[in-house]
Every structure is written in structure tokens, then in C-alpha cells.
Amino acid sequence: MNDMQFTDRAVDQKETKIAAHGVNVHYGEAHAIKDVNVEIEDKTVTAFIGPSGCGKSTFLRCLNRMNDTIDICNVTGNILLDGEDIYDKRVDPVQLRAKVGMVFQKPNPFPKTIYDNVAYGPRIHGLAKNKADMDEIVEKALRRGAIWDEVKDRLDKPGTGLSGGQQQRLCIARAVATEPEVLLMDEPCSALDPIATAQVEELIDELRTQYSVVIVTHSMQQAARVSQKTAFFHLGTLVEFGHTGQIFTNPEDPRTESYITGRIG
Amino acid sequence: MSDTSKTSLLALTPRTKQRNAAEKRFRAYGIAAIAVGLMMLMVLVTNIFSRGTGAFQQTFMTVNVELLESKLDKKGNRDLDDIKKVTTFGYNPLIRDAVVAKVEELGIQTDLKAKDLGGILSRNAVGQLREFVIANPDRIGETIEFRFLAQSRVDGYLKGRVHRASIGNDKSISPEQLDLVDQLVDAGVIVKTFNIDFITGADASDQRPEAAGIGVAMLGSLSMMFVVLGLALPIGVAASIYLEEFAPKNRLTDIIEVNISNLAAVPSIVFGILGLAVFINYLHLPTSAPLVGGLVLTLMTLPTIIISTRAALKAVPPSIRDAALGVGASKMQAVFHHVLPLAAPGILTGTIIGLAQALGETAPLLLIGMVGFIASNAPETLADGLLAPNSAMPAQIYEWAKRADPAFYERAWGGIIILLVFLVSMNTLAVILRRRFERRW
């Protein structure tokens with residue numbers, strides 16, 4: 001695969017799905033995210049790149065309030081999902097996370113059957129009226145996760161018995177089963193081999209038609225391959241944000257250029 | 001580099017030799033330490049078994065008792081109230097006559113008086129006979145074969161604890177009686193067999209160690225474990241889940257955490273005093289009751305359960321919580337649907353080990369009076385089992401160990417065997433459960 005061959009660019013402006021204004025994150029004393037402003041578009045893959053510890057994962061976890069589980073983490077600023085502030089006091093993070101799904105770095109299927117893994121989200125949100133409904137939801141999610149054909153005969157086998165790549169696609173299927181509007185992916189391929197990575201990347205490209213996808217990645221090639229928009233983070237600040245092609249071919253900031261040419265990172 | 005500095009792989013350098021020697025020494029220390037430990041265990045186990053197995057065997061004598069109507073039911077109307085008026089004292093002659101008759105029947109010549117002949121049997125025999133008569137008043141007048149306990153000296157003689165040389169001043173037995181016992185053993189009238197009553201029976205008074213059993217104390221222990229399990233498991237698990245999953249990490253929770261660890265190290269006698277002061281003196285709960293014992297042991301077991309439950313919860317990888325939260329589960333759903341099932345084997349193991357500790361605990365029971373002499377039979381109802389005075393296995397063992405008659409020592413060792421069987425099987429169960437439900441992720 002030619003690393004520098006970008007996926008076709010959607011240059012026309014789309015609706016803004018998530019808008020962040022002046023977001024600051026503190027872990028106790030440490031200032032992890034410094035005044036970040038970014039607008040994430042609907043039906044677009046947005047990649048967050050940057051060296052380790054630059055805050056891209058932290059920022060990603062702000063988008064569905066997964067940082068709430070960390071006591072010392074303090075988020076200020078506004079993050080709007082469809083114009084509503086997700087850090088508003090009236091917002092229940094549980095409801096938010098049903099809308100903003102997440103896939104993690106390490107494949108983390110529940111130690112339950114493949115079926116139950118996918119059915120768990122819909123079940124707790126009451127999306128299925130009966131067993132047939134649920135079967136349909138599970139099948140649809142597994143198909144969207146591009147894993148249906150591999151697991152359709154062993155839905156009652158444990159999800160932990162699958163290979164790494166299959167597990168990650170199962171996790172993606174589990175995330176899409178609750179019909180989210182945004183899908184956050186925190187380095188979804190870092191634990192996978194190149195073949196599984198290619199499968200997941202292909203899947204991400206398909207998911208773009210229905211969801212707004214935000215992906216954190218260490219691999220610049222991956223960002224170049226799958227994303228339309230790219231945000232470069234460095235030391236907690238958002239250095240540059242723009243169309244992927246432009247970031248990789250004609251970066252405005254010298255730090256971005258240094259990073260993508262391999263001089264810092 | 002010169003050739004001389006080049007070393008061969010086939011020859012060891014002094015430094016390597018030194019290191020190898022150090023490793024060998026260390027291994028030797030390790031093996032020695034294990035050997036010492038095993039030896040102690042062997043000594044302990046052989047000691048317990050060699051002294052305690054005797055308690056599971058008892059000497060019995062078979063005699064035919066004629067239930068004389070003239071003694072037991074003078075009016076002859078089989079009125080139970082009248083029959084009950086005859087005390088155990090009134091049954092003594094029947095038993096004495098039965099032994100005399102047996103000796104005559106076998107044609108054994110003896111100079112012993114009838115009283116001494118009857119003395120071969122346990123004082124328990126009269127009680128046993130009276131119970132039988134009250135239960136079956138219609139059989140008065142018949143001659144029935146009974147198997148009575150022999151008295152403890154006779155039992156000790158058969159077990160090798162009592163010798164002719166050692167009974168010089170003993171008023172309970174004479175060498176002539178032992179001669180007679182020898183003959184009765186040869187005739188097959190006195191036999192030593194397995195004694196289920198030791199496992200199921202109640203404690204007996206100082207005068208008849210041969211009749212003492214640990215069964216009622218076992219029920220007392222069981223009722224206490226019931227209370228401990230019912231209270232310590234839900235309280236402990238709820239406390240640990242809250243502390244581990246929900247509580248904010250601040251100074252207050254730090255203090256609580258440190259104090260739970262401290263609580264686990266508090267000597268058990270302190271819990272006993274606490275139980276005495278709070279449950280009995282302040283709340284006026286009955287003394288010697290398994291309910292109070294269970295409450296005290298709950299206090300003792302709680303830290304163990306909390307600590308092991310928290311460890312089990314901590315061992316569940318955070319990625320599982322993230323996964324659940326990521327699909328929109330609430331904190332509580334994440335904990336109850338995913339974390340708790342994965343932590344369950346650890347929690348169960350901790351609980352069983354905590355229970356096993358509580359089962360063997362003696363000191364706090366001494367303070368709340370659960371060392372009473374309980375000669376009654378099994379409690380009739382569950383509430384009775386919890387509120388009526390009772391003893392517990394370790395307390396019963398302590399009670400026997402401090403009595404004067406050496407026949408009770410054997411009981412104490414036998415009690416220890418039963419207690420150990422319980423403890424070992426509980427710990428084995430814990431290991432099996434852990435192996436069985438251990439999950440990999």
C-alpha cells in the first residue's frame with residue numbers, strides 16, 4: 001500500500017458534529033491539554049496525531065467524558081455535541097456515551113459469548129423489544145464490524161477466544177450496536193498485525209458513511225490512509241488542524257513538519 | 001587484545017564458580033527451611049492423630065436388662081407421669097442385676113460385690129435406660145438387650161491409658177474389676193467399637209467422660225458460621241465495592257483503608273471484650289448464644305473479607321470497566337454486570353478462608369461465655385439454635401483440655417481432629433473454587 005496515497009478527499013464543508021472551545025484538562029497539577037479549539041465534522045474521519053504524551057488520547061476521552069472516571073482529572077471549556085454542551089450539569093454521561101461510542105487501544109471484549117458482547121449495549125439501553133429484534137441488531141452490528149462471516153457459526157463461543165484482529169472488530173461491532181453518532185477510537189490498531197490493521201482500516205472507511213469517526217493514532221501512515229481531517233497535538237496544544245492532504249504535504253507549522261518528517265516524536 | 005585474556009567456555013571463571021556456589025547454598029537453605037516446616041507439620045499431625053483417634057472408639061458392654069414392673073411402674077397402669085417419677089437412682093439396681101446376671105450366665109467366678117460389678121458400666125447407663133423406658137413404657141416387664149457404655153477407666157484400660165500399676169489409689173476401679181473385664185473381653189461381652197456419639201452427642205459431666213461428644217458444639221459452631229456468613233459477606237462485599245469502585249480517593253477513604261488493615265490485625269480477644277461490652281452488657285443479648293458469638297466473629301471476619309474482596313476487584317483489568325462504560329453502561333451496571341462476576345471466585349475464596357478463621361477462633365468466645373457446659377441435646381428450632389446457650393467446637397476443646405480426668409484429654413484431641421477436618425475441607429473447597437472459576441482475559 002502506498003503510504004502517501006490519500007483516500008479521496010471530501011473537500012466540501014460538512015456539518016459540525018463536535019465543537020470544542022478553549023478546552024483545558026488538568027491531572028492534578030499537570031496541565032495535560034492547553035486551550036484546544038477544534039471542530040469535528042459529521043461523516044468524516046478525523047485523526048489525532050502527535051508524539052506520545054501529547055494529550056491526544058486525553059482529549060479523545062474528553063469527548064465522551066471517559067475522563068470522569070479519573071478523580072484528579074479536571075476539564076474546563078466547552079465541548080458541544082450538536083450544539084449541546086456535554087459537560088453541562090444536566091447531562092448524564094451514560095446517555096452521552098450511548099451517543100458517542102468508544103473503541104479502545106487493547107481489544108477488550110467481555111469474557112462472555114460473542115453474542116452477549118454485542119447484545120450488551122442494546123440490552124442495557126433497551127433497544128430490542130424481543131429476542132428476534134436483538135438477533136437482528138447483533139447481526140447488523142457484526143456485519144458492520146465486518147466480522148459476521150467469521151463468527152456467525154459460533155456466536156455462543158466466548159469473545160475472548162477470537163484472534164486479536166477479530167477481537168478488535170468485535171469491539172467495533174459492540175460499539176456500533178448501540179447506534180452511536182460518533183465513534184471514538186483510541187489507537188485501535190496498535191495491538192494488531194498489519195493484516196488485521198488493514199481490515200480495521202477498511203472498516204473505518206466504511207463506517208465514515210454513517211458516523212463521525214475520531215481516531216487517535218501513532219502511525220502517520222495510518223492517519224494519512226484513513227482520515228480526511230488531521231489534528232496534530234504537541235505538548236498538550238493543538239498545533240495544527242486541517243485537511244489531511246494539506247497537513248501531510250504542506251504543513252503550516254514548522255513543528256508539524258518536523259514531526260511528520262520524523263525529526264521530533 | 002592478547003590471547004591470554006581469552007577465556008574458554010569449558011572452564012569456569014572464579015567469579016562464575018562463586019556465583020554458582022552462592023546459588024547452591026541458597027537452594028540448600030530453602031530446602032532446609034521447607035524440611036523443617038514439613039517436619040513440624042508431621043510431628044503435629046502424628047501427635048494429634050495418635051492421641052485423638054482414641055476418642056472415636058469407645059468401649060461398650062452388652063447386658064440383658066429385665067425391666068421390672070415392681071421397680072419402674074409400681075401401680076402397673078403405665079401412666080407416663082408415674083413412670084417419670086422414678087429417678088435414675090431407681091434404675092441403678094436393674095443395671096447392677098443385669099451385670100451380675102451376665103457374669104453368672106458366663107460362669108465367671110468372682111469375689112466382687114454386686115455394686116462393684118455394676119461399677120464397670122458408665123453412670124450414663126442409667127440415664128440411657130430411663131430414656132428408653134420413658135420412650136417405650138409398654139415394654140416394661142420384658143427383658144431387653146442393651147449396649148451400655150463402659151466406665152472411662154475400663155475404656156482407658158482397653159485403650160492402654162489405664163494400667164493395674166496406675167490405679168493404686170483410684171476409687172473408681174480396682175484390679176479385681178480389671179481381671180473381670182479381661183474375662184468379659186475374652187467372652188466378647190465388652191467390645192471396643194466406633195463411637196458415633198462422640199461426633200453427634202452432647203458434652204457430659206466430669207463424672208462420665210465416656211459419654212461426652214462434640215455434636216452439640218458443632219451445631220453451635222455451625223449456627224455461628226450461619227450468622228457470620230449472613231452478615232459478613234453482604235456487608236463486606238458492599239463495603240469493598242463502594243470503597244474500590246465508587247468512593248473518591250481522598251484523605252477520609254485513606255483513613256478508612258488504613259483502619260480496615262489495622263482491624264485485621266486486632267487480637268481476637270479484643271473483639272471478645274467488645275462483644276461482651278456492646279452486645280451483652282449494652283444491648284442485653286443473651287450470653288453464650290451463637291447469635292452473639294456470630295456477631296463477634298462477624299466483626300473479626302469483616303476485615304478479612306473486605307481486604308480479599310478489594311484485592312479481587314482490583315485484579316479485574318480496568319479495560320473491562322472501560323469497555324462497559326464505553327457502550328454506555330452506568331457505573332453500577334459496569335460493576336454488577338462485569339466486574340463482580342469476574343471477581344466472584346476471589347471473593348468466595350476470601351470468604352471461605354475468613355469463615356475458616358472464625359471457625360477456629362476461641363478467645364472471643366471465652367469472653368462472651370460460649371464455653372458453658374451444654375449437656376442438652378440438639379436445639380429444636382433455628383431460633384433456638386441461635387439464641388439458646390451453646391458452645392463452639394474450639395471452646396469445647398478448650399473446656400475438655402482443662403478438665404482433670406485424662407479421659408477428657410483424649411476427647412480434646414479427638415475434637416481437634418474434627419475441627420481440623422472442617423478447616424482442611426473448607427480450605428480445599430476454596431482452592432477448588434479458585435481453580436475452577438479462574439478466568440483468563
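Helices (H or I, at least four residues) and strands (E, at least two) are runs assigned by DSSP and numbered from the N terminus. By that count, chain B holds 19 helices and three strands. The structure is a predicted model.

**Overall form of chain B**

- Chain B has a radius of gyration of 31 Å, well over the 22 Å that the globule rule gives for 441 residues, so chain B is more spread out than a compact globule.
- The C-alpha trace of chain B spans about 110 × 70 × 35 Å along its principal axes.
- Of the 441 residues in chain B, 37% are buried.
- When contacts in chain B between residues at least 6 apart in sequence are considered, 78% of them join residues at least 24 apart.
- The domain assignment divides chain B into domain 1 (58-195) and domain 2 (215-437).
- Between the C-alpha centres of domain 1 and domain 2 of chain B there are 45 Å.

**The sheet of chain B**

- Three strands of chain B form an open sheet in the order E2-E1-E3, and their pairing is antiparallel.
- Strand E2 (143-149) and strand E3 (190-194) of chain B are at the edges; each has a single partner strand, so one side of each is left without a neighbour in the sheet.
- On average, neighbouring strands of this sheet are turned by 35 degrees against each other, direction ignored.
- Strand E1 (residues 57-66) of chain B pairs with E3(B) in the antiparallel sense, over five bridges.
- Within E3(B), the residue opposite B:Phe60 is B:Val191.
- Helix H6 (residues 124-135) of chain B lies across E1 and E2 of chain B and runs at about 140 degrees to E2(B).

**The four-stranded sheet of chain A**

- Chain A has an open sheet of four strands in the order E2-E1-E4-E5, with antiparallel pairing.
- At its edges are strand E2 (30-41) and strand E5 (84-85) of chain A, each of which pairs on one side only.
- Eight bridges connect strand E1 (residues 16-27) of chain A with E2(A), again in the antiparallel sense.
- A:Thr16 has A:Glu41 opposite it in E2(A).

- Strand E6 (residues 100-103) of chain A is covered on both faces.
- E6(A) and strand E7 (residues 182-186) of chain A run parallel and are joined by four bridges.
- A:Val103 has A:Met185 in E7(A) as its bridge partner.

**The contact between chain A and chain B**

- Chain B contributes 17 residues to the contact and chain A contributes 21 residues.
- On the side of chain B that touches chain A, the elements that give two or more residues are helix H14 (318-326) and helix H15 (331-359) of chain B.
- H14(B) gives the most to this side, with six residues.
- The residues of chain B on this side comprise eight nonpolar, six polar and three charged.

Notes:
Residues are numbered from 1 along each chain as its sequence is written. Chains are lettered from A and ligands numbered from 1 in the order in which they are written. This is a predicted model: local features need pLDDT of at least 70, side-chain atom pairs count only at pLDDT 80 or more; totals for chains, interfaces and linings use all residues. Two strands pair if DSSP finds at least two bridges between them. Axes are lines fitted to C-alpha atoms, for helices over the stretch in contact, and angles run from 0 to 180 degrees between N-to-C directions. Two residues are in contact if their C-beta atoms, placed from the backbone, lie within 7 Å. Ala, Val, Leu, Ile, Met, Phe, Trp, Tyr, Cys and Pro count as nonpolar, Asp, Glu, Lys and Arg as charged, and the others, Gly among them, as polar. The radius of gyration is taken over C-alpha atoms; the globule rule is 2.2 Å times the number of residues to the power 0.38. A residue is buried if 20 or more other C-beta atoms lie within 10 Å of its own, exposed if 12 or fewer, and partly exposed in between; C-beta atoms are placed from the backbone. Domain bounds come from an automatic or database domain assignment.
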